[in-house]
Amino acid sequence: MTAPSAARATIGAVPRWDERPLVGRAGELATLLAAVDRAAAGRGSAVLVAGDAGVGKSRLLDELAARAAGRGLRVLAGHCVDLGEVGLPYLPFVDLLRPVAAELGDGAAGLFAARSAAAREPDAADLGGPVRALRPPVDDGRLQLFEAVAAALAELAAAAPLLVVLEDLHWADRSSRDLLRYLLARLTDEPVAVVASYRSDDLHRRHPLRPLLAELVRLPGVERLDLGPLPDAQVEQLVRGLAAQVAGGAAAGVPDRTVDDVVARAEGNAFYAEELLAAGLAGETLPLGLTDVLLARVEQLTPSAQQVLRVAAVAGRRVRHELVAAVVRPPADGDLDTALAEAVHSHLLVVDPDGAYRFRHALVREAVLADLLPGERVRLHAALAAHLAAEPAAGTAAERAHHLRESHDLAGALAASLEAADAARQVGAPAEQLQHLETVLALWPAVPGAADVAGRGRAELLLEAAAAARSGGQLPRAVALLRAVQEVVGDDGDPVIRARAHYTLAQALARIEDQTSALRESTAAMALVPAQPPSPARTWAAATHARVCYDLDRRAEGDAAAEEALAAADALGLDSAWADVAVTLARSQEAGGGDPAETWARLEEALARARRSGDPDVEMRVLFNLATVSWEGGDPREALRWSDTGLGRAQALGVEWSFYAAELRHLGVVSRYVLGDWDGSLGLADRLARVPEMGAHVRAAGLLVLVGRGDPGTAERITWARGLVDRLDAHVLLLLATAGAEIDRASWAGDAGTAVDRARAASSTLARLWGANRLAVVRLAAMALSPVADAAATARLTGDVAGEAEWTAAGESMVTLGRDAVADHARVVGAHGAEAAAWVARLDAEAARLDGRADPALWTAAVDAFGYGHVYEQARSRWRLAEALVATGDRDAALEPLAAAAGTARELGAAPLLGVVAALARRARLELPGAGRVVETAAVFTPRETEVLALLARGRTNRQIGSELYISEKTASVHVSNILAKLGAGSRTEAVALAASRGLLPTA
Ligand SMILES: Nc1ncnc2c1ncn2[C@@H]1O[C@H](COP(=O)(O)OP(=O)(O)O)[C@@H](O)[C@H]1O
Ligand SMILES: [Mg+2]
């Protein structure tokens, strides 16, 4: 066998057609460069370039890469490859990160464990290498991998802006598609430009890339670029340039007639033009279609060179010399190197810098492949499979499985697919694991003795496939696979397997909120395995049944199942199951008003056992519940302590991205906010940066602080969160965080209409998803009521009878919304805790304000109720208390709560609250200690402007302001402009927010 370097020496320097100057495409290049410039300036952007095969996508992207490099960007490129059924996860990303593996920081360096940066065959043994070092995933473990890649790119981009080029997305594997979606959503604030190409002529109606493209173009900063055919004049330029090069500098060798002919037939396709010319130069007349053109070119080669092309086509788009040498029969007409050199000289193959061969264009490979006789194709696949079996390092199990299958060795394909599934599982690619397991299942009936080859039965495989589907987030597929288990096993099959299928199905159904079907399945599982003697299957069946029963409020049945599971788990030493049931039981007893001490004891014991079991998922569930029980028990300090402990453990266990870790983080953000550690809260919310999907509610919870501070970044984050709320329909915590922020922000801006709309919409979504269990609505209703009561008060003050009636009605609907939520919860779920009690007190106090009653007693009750630990809301209630005291003539008593509110607002940096507190102090002529910094309104605005500002704050138009103040609309608009100018505001809303934050907003 000849060494690859020797082979390359034989080939020598071949002029590369694709290194000639770019023809045309100025507009497209400008669009791409604009995106690159935007990215370089720190605004991540992406362009999806669509075009037919051969139209010139790669050539354009090459040019872009060169220009970007010239502007100081670092360019990373990855190619998707047509591998048919071979599932090789993350291929383009492995490809693009390879050159920088050595530079990546600690976090990402482990991803490339023990791999040299030296160029190696990318589509061979080390596929998936970047992710090999990861632990087996818990939950959706892919998220952790996705984030590691995002962080690696961000880290690189910190040194120099990045251009990431992804070629031929239509061939991307599923994991890569998911990762791309993640990156585009995640990297919007980093200096990273992503440019991806795909073949639009290849996207049939059900192509998996279609829905992704539709989703991606809706993301901010993502645009599409359609690459159309080149105009004839440019094709001619291209053809003449090429002809000159081929003819050694003199274009004269090619007759005009040929050039015209090529241009006419190429129809703007650069690749077609090049191939037509090459065929025309050799033969007399030009063949017909593109495939004929390409095959005519192939047929001009010697038989061994043709054979080399056939092997390369069957092997894939890229092949190494060794592989060709091992599979090609000894050539009759010269040696292999000569044959390879011939293919390269005729511009059908090109040599990559690492010595591998690839087709100059995928269309060449497709033509060669299409021309193979069936028998030869099978023979080549068999030879390739044999080579891969003899040299495992030369390829992956997935490739071997593919070749075995195509060569009709079904038993071999089955075994190799199982290996491939296992490899995919190890690198955290459940989608590919599932794909390989489904291949095994498809082959099963055709392979005699399949169970012996697989070492397990078909039902077990279905269970494994279902688990992969579940951890890849494909729950409906998991459900379908589990239903198939029942068919396969039949009514008289192994009851243990049937029970496993039933309870696993129950778990999956419960996650997709189909509790009724879940109950049917868990009941079936219980019926299949007896309680005595205790067995793991029965224990998990009972554990699942208990959870489902409690969800459906079948308490007695749930208690029985839980007690049984607990005892069985104890007897069997099944600590993970014990801990799982203990949590379920503790939660249900707690909801049912059970003994708190008993709840705690259970949870603490569960923690110890979960730890001992080594099951991180269960341990995290216990920790999360310890935090939640503390929270619901009205002890945010304790909740925070558990959240911190839990997150520490998550980190140590490497499951930071699991479901419960995200929930713990969310609780950490919220409890820090409540306890008044606003910087800490925001910091924790932002540590996840822009992690989409699962972590979205964590980042959205950072809005609590942003709104409380009147931060200018609020609007942008609300827009971001809104976009996700619309897509992630059932993400309740995200909805709550977003709606809460929108309502409170509207409240500070005096926009009662928006506040009411948001509260109503959120409440109806919650009612649909969670029914009676929507206690959170009371908070939204109480917050929305605040601006409504203000609006009603203003209407009352200005004698606007219709307005007063309208706002009173709107306010009453908010009161009803809140009270109904509380009543439903009490009836169906049980008593509520300190947090809800505080919001109920607040709702009552606001309701009085809506009626025009100043009621210090109700506000005192609200102040006391928030004393459980909610620093900010207590201060806000104190402000309203002071207001009520002033209104009832008790000015002196108002000073103390007002001063306390001012102190808290100042400590938190809660500018809007500080503004209204200062305004009240001014109005009531109360001297606040330390309030010297607050600017007097009169020092900034004229009395008329002050009046206009007050109306602006209530959302009035210029015309309404004019008519209320008896001035012309024109005059009102002049005042508004002056106000905007004095505040340096760009809009009316911004003016109001700025005035509020500086304590300049006059209150009615
Ligand atoms: N604008 C252009 N100027 C010069 N050559 C081009 C141009 N567009 C395409 N080509 C050439 O045409 C061939 C096919 O283009 P390519 O970029 O590989 O197509 P695609 O990636 O769209 O399938 C390549 O040899 C390429 O160099
Ligand atoms: Mg291309």
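**A guided look at a sheet and a helix pair**

Guide: Welcome! In this predicted model, five strands make up an open sheet, ordered 2-3-4-1-5, with parallel pairing.

Visitor: What makes strand 2 and strand 5 the edge strands?

Guide: Strand 2 (74–79) and strand 5 (222–226) each pair on one side only. From one strand to the next, the twist averages 15°.

Visitor: How do you know that strand 1 and strand 4 pair?

Guide: Pairing takes at least two bridges between the strands. Strand 1 (residues 45–51) and strand 4 (residues 192–199) have seven bridges, in the parallel sense, so they count as a pair. For a spot to look at, find Val47, which stands opposite Val195 in strand 4.

Visitor: Now the helices. Why are helix 31 and helix 33 called roughly parallel?

Guide: The label belongs to angles under 35 degrees. The axes of helix 31 (residues 616–632) and helix 33 (residues 659–675) cross at roughly 25°, and therefore the two helices are roughly parallel to each other. Their axes come within 9 Å, and the crossing is left-handed.

Visitor: Which residues of the two helices meet?

Guide: From helix 31, they include Met620, Leu623, Phe624 and Trp631; among their counterparts in helix 33 are Tyr660, Leu664, Leu667 and Val670.

Visitor: What classes of residue make up this contact?

Guide: Between helix 31 and helix 33 there are eleven nonpolar, two polar and three charged residues. Asp617, Arg621 and Glu663 take part in the contact, and they count as charged because Asp, Glu and Arg belong to that class.

Note on methods. Residues numbered from 1 in each chain as written. Chains lettered and ligands numbered in written order. Predicted model: local features only at pLDDT ≥ 70, side-chain atom pairs only at ≥ 80, totals over all residues. Heavy atoms only, no water. Helix = DSSP H or I, 4+ residues; strand = E, 2+ residues; numbered from the N terminus. Axes fitted to C-alpha atoms, helices over the stretch in contact; angles between N-to-C directions. Parallel < 35°, antiparallel > 145°, perpendicular 65-115°, else oblique. Left-handed = near helix turned anticlockwise from the far one by under 90°. Contact = heavy atoms within 4.5 Å.
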